[in-house]
Amino acid sequence: MSKMKPGVVYGAKYQELLQSCKDGGYALPAVNVVGSNSINAVMEAAANNSSDIIIQLSNGGAQFMAGQGMADGDTAKVVGGVAAANHVHLLAEYYGVCVVLHTDHANRKLLPWIDGLIEAGAAYYKENKRPLYSSHMLDLSEEALEDNLSTCAEYLKKIVPLEMSLEIELGVTGGEEDGVGSDEDLHDNPKLYTQPDDVLQAYELLSPIGHFSVAASFGNVHGVYKPGNVHLRPEILKNSQELVAKTHGTGANPLDLVFHGGSGSEKAKIEEAIGYGVIKMNIDTDTQFAFASAVGAY
């Protein structure tokens, strides 16, 4: 756990926290939430384990936070995301934990959701001198690389003045999460493995603008699948880091990498990926199983 003041972490402190992850050889767990109960459970677990934490919402989680009874689902996604963030800002300090607030998997059709959160975040920043969210994620991995990166650059320029970061996705994480992706991606799809040259191109375009992290695909898949159906190749992360470092003369592991589809992965592969600069590991399916099991017990 870092020595930072409890509360929502953003900007330079967020980058400092990620460097602490690299120096310490660990990744922050990023847990998807859907309401105040799951938000509180995540913060309680973090406090009990003396851990920093990333709390993230998908578009569906944000809509559920607002309530399925809201007639306008698009509005619900935005106001639910705002409500969840305000909830965390209020309580994180009292739980005594550092929290990174993050959104998850926004493809092209979900950009209006991110636009709404950026607008709300700008108003929040003006009033509170801090961002509503620490970072947003754009998942345009199914599009042409040029379209993916140019849109990411556009959005990074929007949020840098708010002291926010951006997470991008290169290559396709298999499986489906909240309407983004498809199980068809599991079957011998070369897009499951990001090319280091693509990562280099992203670095060269985005790093002059502001801080970003990369969800590079190395065979990882959303959900939990039977052994043999998922073939993780963490060496892809190593190759990407080395290419950027060699090309631009940086230190080791210059990229902040993200591990999507972490539930059910082999411990050895997780440890290897973290050694190559993974600083964030998404956890959703495992927590859904734990929640369902506890509810079923009653």
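This report walks through a predicted model of one protein, from its overall make-up to single residues.

## Overall make-up

The protein has ten helices and eleven strands. Its chain counts 298 residues, and 53% of them are buried. The accessible surface comes to about 13,300 Å². Carbon and sulfur atoms hold 52% of that surface. Among contacts with a separation of 6 or more, 72% link residues 24 or more positions apart.

Start with strand 2, residues 28-32, which pairs with strand 3, residues 53-57. The two run in the parallel sense, with three bridges between them. One of the links is between N32 and its bridge partner Q56 in strand 3. From strand 2 the chain passes through helix 2 and on to strand 3. This β-α-β crossover is right-handed.

Strand 3 is mostly covered, with five of its five residues buried. On one side lie I53, I55 and L57. On the other lie I54 and Q56. Both faces are covered.

Strand 3 also pairs with strand 4, again in the parallel sense, over five bridges. I54 has V100 as its bridge partner in strand 4. L57 has T103 as its partner there.

Strand 4 spans residues 98-103. Six of its six residues are buried. C98, V100 and H102 point one way, while V99, L101 and T103 point the other way. Strand 1, residues 7-8, pairs with strand 4 in the parallel sense over two bridges. Here G7 finds its bridge partner in C98.

## Strands 5 and 6

Strand 5 covers residues 135-138. Both of its faces are covered too: S135 and M137 are buried on one side, H136 and L138 on the other. Four bridges join strand 5 to strand 6, residues 165-170, and the two run parallel. L138 pairs with I168 in strand 6.

| Strand pair | Bridges | A bridge partner pair |
|---|---|---|
| Strand 1 and strand 4 | two | G7 and C98 |
| Strand 2 and strand 3 | three | N32 and Q56 |
| Strand 3 and strand 4 | five | I54 and V100 |
| Strand 5 and strand 6 | four | L138 and I168 |

## Links across the sequence

A46 lies in helix 2, residues 36-48. Is A46 buried or exposed? A46 counts as buried because its relative accessibility is 3%, which is under the 20% cut-off. Which residues does A46 touch, leaving aside neighbours within four places in sequence? They are S51, I53 and V97. Of these, I53 belongs to strand 3. V97 is 51 residues from A46 in sequence, yet the C-alpha atoms are 6.8 Å apart in space.

K5 sits in the segment before strand 1. K5 and G96 are 91 residues apart in sequence and 8.2 Å apart in space, C-alpha to C-alpha. K5 itself is exposed, with a relative accessible area of 68%.

## Two residues with positive phi

Most residues other than glycine have a negative phi. H105 has a positive one, near 50°. Where does H105 sit? H105 is in the loop between strand 4 and helix 5, residues 111-128. With a relative accessible area of 2%, H105 is buried.

N253 also has a positive phi, near 50°. N253 lies in the loop between helix 8, residues 235-248, and strand 10, residues 257-259. With a relative accessible area of 25%, N253 is partly exposed.

## Rings and charges

How many aromatic pairs does the structure hold? The count is zero. The charged end of K158 sits over the ring of Y155, 4.1 Å from the ring centre.

Note on methods
Residues are numbered from 1 along each chain as its sequence is written. This is a predicted model: local features need pLDDT of at least 70, side-chain atom pairs count only at pLDDT 80 or more; totals for chains, interfaces and linings use all residues. Side-chain values use heavy atoms; hydrogens and water are left out. Buried means under 20% relative accessible area, exposed over 50%, partly exposed in between (1.4 Å probe, protein chains only). Two strands pair if DSSP finds at least two bridges between them. Contact means heavy atoms within 4.5 Å. Accessible areas come from the Shrake-Rupley method with a 1.4 Å probe; for residues, only the protein chains shown count as cover. Rings of Phe, Tyr and Trp (its six-membered ring) pair if their centres lie within 6.5 Å; planes under 30 degrees apart count as stacked, over 60 as edge-to-face and the rest as tilted. A charge sits over a ring if NZ of Lys or CZ of Arg is within 6 Å of the ring centre and within 35 degrees of the ring normal. A crossover is right-handed if, with the strands pointing away from the viewer, the path from the first strand over the helix to the second runs clockwise.
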